Amino acid sequence: MTINYSLIGNRIKAARKAKGLSQSELSELIDRSVGYMSYIETGRKKPSLETLIQIANALDVTIDELLSDNISAASPVSNTQLNHLLSDCSAYEKRVILLSVQSIKDAIRISKPLMEVNFDYNYTEN
């Protein structure tokens, strides 16, 4: 399996920006240089597990949020995130969200076999 460090870097950058931090501020929080942080965000350096954990903690995100494009099974990220997302919703909003999620889940399960078909992406018409 090949790990896509560019995607990890993009997720780190997006989470950093969402938190309103500069590269300099994040690098200070995790005790790394700004240059190293830049290399991580562009995928030119491979952060250690310790560094990834420090980044996740500094950005208040889970490791699987940073690695989600590289892991095949999403895990319990959702419980904390869903609880946070729903915490300020009214009963009506929660009901609409629940119905929407149920519809999305049904659609995913119906279409999954279609998505697993082995398509030839190199096919070109003459």
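**Figure 1. The whole chain, and how much of it is buried.** A residue counts as buried when its relative accessible area is under 20%. By that cut-off, 21% of the 126 residues of the chain are buried in this predicted model. The chain has seven helices and zero strands. Read from the N terminus, the elements run α-α-α-α-α-α-α. Now take the contacts in the chain with a separation of 6 or more. Residues 24 or more positions apart account for 49% of them.

**Figure 2. Helix α1 packs against helix α3.** Helix α1 covers residues 5-18, and helix α3 covers residues 34-41. Their axes lie 7 Å apart. The angle between the two helices is about 120°. That angle makes α1 oblique to α3. Which residues meet here? From α1 come Y5, S6, G9, N10, I12, K13 and R16. From α3 come M37, I40 and E41. Sorted by class, this contact has four nonpolar, three polar and three charged residues.

**Figure 3. S27, a residue of helix α2.** Helix α2 spans residues 23-29, and S27 is found in it. Is S27 buried or exposed? S27 counts as buried, because its relative accessibility is 1% and the cut-off for buried is under 20%. Leave out residues up to four places away in sequence, and S27 touches R32, S33, V34 and M37. One of these, M37, also takes part in the contact of α3 with α1.

**Figure 4. The buried face of helix α4.** Helix α4 runs through residues 49-59. Its buried residues are T51, L52, I55, A56, A58 and L59. An α-helix has 3.6 residues a turn, so residues three or four places apart point the same way.

Definitions and conventions
Residues numbered from 1 in each chain as written. Predicted model: local features only at pLDDT ≥ 70, side-chain atom pairs only at ≥ 80, totals over all residues. Heavy atoms only, no water. Axes fitted to C-alpha atoms, helices over the stretch in contact; angles between N-to-C directions. Helix = DSSP H or I, 4+ residues; strand = E, 2+ residues; numbered from the N terminus. Parallel < 35°, antiparallel > 145°, perpendicular 65-115°, else oblique. Contact = heavy atoms within 4.5 Å. Nonpolar A, V, L, I, M, F, W, Y, C, P; charged D, E, K, R; others polar. Buried < 20%, exposed > 50% of the residue type's maximum accessible area, 1.4 Å probe, protein only.
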